[in-house]
Amino acid sequence: MIMCQANKTKWGSIIFAAIFLVLAITGCSQFRAPENVSATDQLGSVLISEIKRQKLESHSGILALLENPTYTSKKKHRFLDEDKQNVSKLLLEILNSQSVTQAVISLGEKDSSLTSKWVTLALRLYPIDAYRILEQLYADSTIKNTILETAALSAGLNPSRIFPAPASNDIDYRIVSLIHSASLTVYNQSEDANTRLWYKRSDEGTWLPALELQWEPIQGALSGSIVHLDAQTEYDVKLEYMDNDNVIEEQRYRFQTRPNSPPIDPEKIYHLSDIYNGGQLNLTTLGIQGDEDGWALIKGDGIEIIAAEGDNSAIDVGSQSYIKFENITVKGGRLYGIAAKRAHHIWVDGCDISEFGRAAGDMREGVAYENTESTKVINYDSGIFLQETGVVTIENCEIHSPNGKANHWGYGHPYGPSALLLAARHSVDEYRGQYIIRHNRFYGSDTHRFNDVIESRANARSWGGFLRDSAIHDNYLAYANDDIIELDGGQSNVLFYNNEIEQGYCGISAIPNMLGPSYIFNNYIHNLGDERQKAWAAFKLGGLMSMPAGVVNIFENLVITSSNGVTASRFEGDYTFWTNVKNNVLIHDKYWTKMGQGIYDVEQYSNSEFTNNVIYNSQIDAPSVHANVGENFYHPRSERADVVENISHSATSFNLEIEEQFIIPNFSRFSSAAQNTLAKVDATSELTESDFSINFNQVPIKSFDTQDEDGDYRTSANGDTITLFGNTWKSVAIDVSITPETVLQLELRSNGAGEIVGIAFENDNTLTSSKLYKFSGSQKWSNDAFNYSKIDEFETITIPVGSLNLEEIDRLVLVMDDDKPTNTISQVSFQNVRFLEPVTAQQNEMNSVIKVGVSAD
């Protein structure tokens with residue numbers, strides 16, 4: 001260990017040297033040990049666990065426990081101090097009944113006058129389970145709805161989510177597709193459901209793994225997103241329910257992604273010079289709007305829209321819908337450049353928006369007011385304001401140069417303009433959320449900063465923020481005195497990815513997440529700082545217990561800042577957050593109390609997961625976190641200063657080696673080198689360690705079961721091809737060890753006739769229908785994922801045999817089933833049939849390098 005000498009000639013030097021000594025000793029360690037704080041859960045669960053640990057069985061014993069300031073010191077737990085007697089009675093009843101709802105019902109039956117009290121206390125003790133508790137009480141007890149509604153309001157919940165309960169709705173699931181992604185939410189589920197999710201293009205045969213759906217406790221649902229999809233393409237989804245490694249139930253869904261541009265009504269194409277005469281462009285006055293089959297298009301043609309003095313916006317959309325703006329320059333607007341209210345289906349493409357909002361006419365203690373008579377600060381001015389408006393695409397736009405500027409935190413909470421301000425809660429649920437914000441540049445300047453670059457309203461409501469089903473990707477967002485972007489609010493399948501952000505006090509705010517799940521991935525976050533160059537965090541989280549309860553997923557981001565990485569912030573007195581943080585690079589170059597932490601998790605909620613992250617603080621030459629460090633917490637590169645140095649000087653992304661177990665299905669993006677390796681594996685048989693090919697001239701070909709009525713087949717001269725005619729089922733013996741990576745590859749050619757063209761994996765001479773996989777044919781069959789889509793042309797089909805949960809097999813059955821022949825004799829050829837096993841080293845290379853940071857498709 002390096003020893004540091006102190007100059008003792010002056011007290012100031014002594015103090016300085018002492019501080020330096022502490023930093024040097026800390027920096028010399030390979031990893032800075034975090035404070036080991038026990039993981040926390042809902043207060044009720046924590047207290048019940050402690051009661052069991054101490055074997056408390058009496059009312060007095062529980063009362064003594066509740067005197068512990070560990071539980072009562074926090075603002076959100078003050079109700080313990082205010083009502084210890086009743087809290088103790090409820091905890092004792094929960095302990096005896098092993099059920100929160102049953103405890104409430106039992107206590108209510110003993111004294112109905114206190115029923116509302118028991119319900120309210122239960123909701124405060126179990127905030128994440130609160131909606132479930134209310135729904136169970138609503139369904140399974142005689143407690144009046146008015147009591148439940150009052151208790152819900154007292155606990156800060158939304159009664160409309162409970163009466164009637166979402167679980168009683170007729171809707172079993174909801175799929176919402178965007179252009180390059182889709183979400184699936186399946187209702188009436190349980191938290192302990194074990195599922196797997198798969199997806200594929202409907203015109204392709206191979207199922208691809210997707211990230212598993214996540215528990216969403218507010219609606220009692222499983223929910224999640226599938227990303228990196230093609231536009232205007234039909235996809236199939238398969239949800240498997242598992243018991244250990246066995247599939248016990250399967251559900252299939254189908255959806256189509258949205259097109260890259262909306263359908264335009266040729267009769268509603270308006271050139272700006274034909275409809276604009278100066279001042280505000282008011283679409284309600286002009287009567288411009290389209291419909292679902294044909295949108296109205298307003299095209300820029302060199303004319304600029306310049307708002308007149310007193311126009312609140314340069315373009316007033318009003319509630320007009322199905323409108324696309326294209327290549328328009330917008331200047332001015334007392335409050336907004338473009339404003340819409342209760343509209344839907346709006347598309348803004350290639351527009352330049354600037355010089356909007358109010359300039360300060362009076363400054364009071366660093367905060368801007370419009371004039372000396374103003375009683376309200378200047379706030380919520382924006383380049384685009386979308387009020388109660390949903391299903392919106394904004395792409396290829398620049399929003400910049402507001403007239404006003406925001407104050408920094410030194411003068412209190414920042415107030416001022418934003419590039420985009422949204423309130424996504426349209427009055428019709430079908431039109432809520434669904435924002436696509438892509439390929440834009442939203443930026444202020446060092447002297448004219450936004451409050452938030454993208455700001456949302458109703459952040460403390462489940463309908464706040466982007467609300468649901470939105471994708472913000474491939475943008476450059478910069479120069480704010482508060483957050484670069486507020487996700488906040490509902491966050492139900494809200495995606496933020498492939499963005500570059502800099503120069504803000506905070507990067508991404510996801511506080512609170514009241515529904516979830518949300519996904520923040522493949523972003524490049526660097527050079528954070530407000531106008532004072534002070535910053536707090538790349539990711540701001542909190543409020544899980546005070547405003548429950550959604551999960552935030554943070555994957556494969558590249559973060560290089562002088563602040564914190566994933567960071568707890570207080571919301572309604574609550575620092576708790578729920579997150580999955582995986583495969584990120586978090587590098588910081590400043591260090592002091594509560595600063596320079598890769599992970600700063602105050603409450604350490606037990607369901608959060610931190611996995612395989614590169615974390616490093618260059619000031620102490622070691623990782624620094626405040627979190628519970630479990631297995632696989634750190635990526636091995638966290639101890640390599642040379643690697644961290646290379647990362648710090650990389651561009652917007654970095655190629656990071658990871659073990660295969662840490663790949664995030666459907667989310668992880670392979671580097672170019674890995675993609676090249678994958679292409680080679682697909683293209684050449686030499687890159688396999690086992691290649692069991694079938695030569696049909698060297699193996700016995702036998703009739704299978706009683707199905708082989710015609711028995712008509714031919715083999716090629718070299719034995720690589722067999723052709724079946726009519727109603728013919730043939731089996732060949734195989735001797736292959738199936739591993740999880742094994743695939744069967746073959747080339748197929750069919751003339752399109754017949755009822756079933758397929759293949760079966762068997763270990764006797766009797767057909768097991770679940771082991772037969774159909775490629776084509778007129779008969780419906782449950783196993784039909786691997787489709788042959790051509791006629792009279794060879795097409796390669798690859799089947800991941802290792803993932804099909806097959807028992808040991810000893811024969812392959814080739815099927816041409818045609819029980820009802822027509823004038824066309826059915827015919828199918830199987831060629832180059834072989835089992836492949838990727839070389840371990842090459843498989844590792846293919847799966848070992850991912851792109852962390854911006855990873856454009």
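Trainee: In this predicted model, is Lys55 buried or exposed?

Mentor: Lys55 is placed in the loop between helix 2 and helix 3 (59-66). Its relative accessible area is 69%. Exposed means over 50%, so Lys55 counts as exposed.

Trainee: What is the phi of Lys55?

Mentor: Most residues other than glycine have a negative phi. Lys55 is not a glycine, yet its phi is positive, at about 55 degrees.

Trainee: Is Glu556 buried or exposed?

Mentor: Glu556 is found in the loop between strand 37 and strand 38 (558-561). Glu556 also has a positive phi, near 55 degrees, although it is a residue other than glycine. Its relative accessibility is 1%. Buried means under 20%, so Glu556 counts as buried.

Trainee: Is helix 2 roughly parallel or roughly perpendicular to helix 6?

Mentor: Two packed helices are described by the angle between their axes and the distance between the axes. The axes of helix 2 (residues 43-54) and helix 6 (residues 84-97) come within 11 Å and cross at roughly 70 degrees. Angles of 65 to 115 degrees count as roughly perpendicular, so helix 2 is, relative to helix 6, roughly perpendicular.

Trainee: How many residues of the contact of helix 2 with helix 6 are charged?

Mentor: Helix 2 contributes Leu47, Ile48, Ile51 and Lys52, which meet Leu91, Ile94 and Leu95 of helix 6. The residues of this contact include six nonpolar and no polar ones, and the number charged is one.

Trainee: What is the omega of the cis peptide bond from Pro548 to Ala549?

Mentor: Ala549 lies in the loop between strand 36 (537-541) and strand 37 (552-555). The bond from Pro548 to Ala549 is cis, and its omega is near -5 degrees.

Trainee: With which side chain does the side chain of Asp810 make a polar contact?

Mentor: Asp810 lies in the loop between strand 55 (795-799) and strand 56 (811-817). With a relative accessibility of 31%, Asp810 counts as partly exposed. At 2.9 Å, its side chain makes a polar contact with the side chain of Arg811.

Note on methods
Residues numbered from 1 in each chain as written. Predicted model: local features only at pLDDT ≥ 70, side-chain atom pairs only at ≥ 80, totals over all residues. Heavy atoms only, no water. Axes fitted to C-alpha atoms, helices over the stretch in contact; angles between N-to-C directions. Helix = DSSP H or I, 4+ residues; strand = E, 2+ residues; numbered from the N terminus. Parallel < 35°, antiparallel > 145°, perpendicular 65-115°, else oblique. Contact = heavy atoms within 4.5 Å. Nonpolar A, V, L, I, M, F, W, Y, C, P; charged D, E, K, R; others polar. Buried < 20%, exposed > 50% of the residue type's maximum accessible area, 1.4 Å probe, protein only. Polar contact = N/O pair within 3.5 Å; in protein donor to acceptor, adjacent residues only side chain to side chain.
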